[in-house]
Amino acid sequence: QSASQAVIVSYTATFLPVAVVHQPQYRSLQFSEGTTKLIDHRPHAVYGISALPLGFTFDFGQKRVNPFSEAHGGIIASAERVPIDGIDSSGLNFMFDVGVGLRWQLGADHALRVGYRFAHISNAGTTPFNPGLDNNIVYVGFSFLR
């Protein structure tokens, strides 16, 4: 392979100091002492923190502009159970994403990345109730190389 066709594999770790999940509007039944109540839950933001220590990026080529693909995995902890605040759902969930994009080399030590990620959050069956949340993410990132 020539240098322009090389595939460079990099280990990447991601830390999200602020993660926001939009809790949708929904209704639930509450059972208590033989009575049943219908409860309306209003939409609101749920805040959390996420660490994705398992990640790999595949850069295709060594020109000024190159395509890349990536995959990450880790956990997300939130102030409430997500994506639905229900019995047996969890505020500690697993998260993985896969994505593609373009990397622009800005100089010897810097690069700009524009990409798309498909991200999934769920408790991976650690409780009987396992609601999942799928997201489409478009992002811009800046890399410090070396």
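Me: At what relative accessibility is Asp59 found, and does the residue count as buried or exposed?

Reply: This is a predicted model, in which local features need pLDDT of at least 70 and side-chain atom pairs count only at pLDDT 80 or more, while totals for chains, interfaces and linings use all residues. Residues are numbered from 1 along each chain as its sequence is written, and side-chain values use heavy atoms, with hydrogens and water left out. Buried means under 20% relative accessible area, exposed over 50%, and partly exposed in between (1.4 Å probe, protein chains only). Asp59 has a relative accessibility of 5%, and therefore counts as buried.

Me: How far apart are the closest N and O atoms in the salt bridge of Arg103 with Asp59?

Reply: A salt bridge is a side-chain nitrogen of Lys or Arg within 4 Å of a carboxyl oxygen of Asp or Glu, and the structure holds 5 of them. In the pair of Arg103 and Asp59, the closest N and O atoms are separated by 3.2 Å.

Me: Which strands does this pair link?

Reply: Strands (E, at least two residues) are DSSP runs, numbered from the N terminus. The salt bridge between Arg103 and Asp59 joins distant parts of the chain, 44 residues apart, with Arg103 in β7 (residues 90-105) and Asp59 in β5. Arg103 is also buried, at 9% relative accessibility. The strands linked by this pair are β7 and β5.

Me: Which residues are linked with Asp59 in a network of salt bridges?

Reply: Asp59 also meets the side chain of Arg113 in a salt bridge (3.2 Å, N to O). Arg113 and Asp59 are both buried. The residues linked with Asp59 in the network are Arg103 and Arg113.

Me: With which residue does Arg117 form a salt bridge?

Reply: The closest N and O atoms of this salt bridge are 3.0 Å apart. The pair spans 47 residues, from Arg117 in β8 to its partner in β6 (residues 65-82), and both residues are buried. The partner of Arg117 is Glu70.

Me: The side chain of Gln23 reaches the backbone oxygen of which residue?

Reply: Gln23 is placed in β2 (residues 14-23) and counts as buried, at 1% relative accessibility. Contact means heavy atoms within 4.5 Å; leaving aside residues up to four places away in sequence, Gln23 touches a set of residues including Arg42, His44, Glu80 and Pro83. At 3.2 Å, the side chain of Gln23 reaches the backbone oxygen of Arg81.

Me: What distance separates the C-alpha atoms of Gly48 and Pro17?

Reply: Gly48 lies in β5 and is buried, at 16% relative accessibility. Not counting residues up to four places away in sequence, Gly48 touches Pro17, Val18, Ala19, Ala77 and Ser78. Gly48 and Pro17 stand 31 residues apart along the chain, and their C-alpha atoms are separated by 7.8 Å.

Me: Which residue in β4 stands opposite Leu29?

Reply: Two strands pair if DSSP finds at least two bridges between them. β3 (residues 26-32) and β4 (residues 35-41) pair in the antiparallel sense over 7 bridges, and they form a hairpin with 2 residues between them. Opposite Leu29 stands Leu38.

Me: What is the phi of Glu33?

Reply: Glu33 is found in the loop between β3 and β4 and is exposed, with a relative accessible area of 81%. Most residues other than glycine have a negative phi. The phi of Glu33, by contrast, is positive, near 50 degrees.

Me: Where does Ala124 lie?

Reply: Ala124 has a positive phi, near 55 degrees, in a residue other than glycine. Its relative accessible area is 51%, so Ala124 is exposed. Ala124 lies in the loop between β8 and β9 (133-144).

Me: What is the area of the nonpolar surface patch made by Val7, Val9, Tyr11, Phe56, Phe58 and Phe60?

Reply: Patches are made of residues with over 30% relative accessible area and no salt bridge, like charges being joined within 9 Å and nonpolar side chains (Val, Leu, Ile, Met, Phe, Trp, Tyr) within 5 Å. Areas come from the Shrake-Rupley method with a 1.4 Å probe, and for residues only the protein chains shown count as cover. β1 (7-11) and β5 (44-60) each supply at least two residues of the patch. The area of the patch is about 560 Å².

Notes:
Helix = DSSP H or I, 4+ residues; strand = E, 2+ residues; numbered from the N terminus. Polar contact = N/O pair within 3.5 Å; in protein donor to acceptor, adjacent residues only side chain to side chain.
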